[in-house]
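Hi everyone, thanks for coming. I have one chain to walk you through today, so let me put it up on the screen.

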Amino acid sequence: MVSTAFIDFTRRLDIQLPEAKAAQVIEKVKSFIIEMGIDKKIHLNGKLVTIDELEVELKQQMKKAKRGSAIIKADKRLPYGNVVKVMGLVKDAQIRDIGVAVQ
């Protein structure tokens, strides 16, 4: 597990890539942002979900992707067990790159 400071970089460069006949297909990584508030509500990529819906959605999305990554943003006042349960669901969905956002 990795703990990191989460910084939102919204500025992007306008880059036009050249075309190539034998271009390699780059493996796409499906990214998830999971937010957990003190009210125990869970948001997956901005959408309010229950714990059961979170599990189903993660597994469905990972069927389409080869790799996945997740950042968990959990209120520090939440019981540790709540965060661990969500981490277990993420891992069970075959997402191996898991980060916990800190300030």
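What does the secondary structure of the chain come to? Two helices and six strands. Please keep in mind that we are looking at a predicted model. Reading from the N terminus, you go through the elements in the order β-β-β-β-α-β-α-β.

How confident is the predictor, then? Mean pLDDT for the chain is 85, with 76% of its residues at 70 or more. Let me point you to residues 6–10, though, where pLDDT stays under 50. For that stretch the model has five contacts beyond four places in sequence.

Now the chain as a whole. It has 103 residues, and 27% of them are buried. As for contacts with a separation of 6 or more, 76% are between residues 24 or more positions apart.

Let's zoom in on one residue, L48. You'll find L48 in strand β4, which covers residues 47–49. L48 has a relative accessible area of 46%, and because buried means under 20% and exposed means over 50%, L48 counts as partly exposed.

And which residues is L48 in contact with, leaving aside neighbours within four places in sequence? Those are K41, I42, H43 and E53. One more pair to look at on the screen is L48 and E35: they sit 13 residues apart in sequence, and their C-alpha atoms are 9.3 Å apart in space.

That's my tour, friends. Over to you for questions.

How values were computed. Residues numbered from 1 in each chain as written. Predicted model: local features only at pLDDT ≥ 70, side-chain atom pairs only at ≥ 80, totals over all residues. Heavy atoms only, no water. Helix = DSSP H or I, 4+ residues; strand = E, 2+ residues; numbered from the N terminus. Buried < 20%, exposed > 50% of the residue type's maximum accessible area, 1.4 Å probe, protein only. Contact = heavy atoms within 4.5 Å. pLDDT = per-residue confidence, 0-100.
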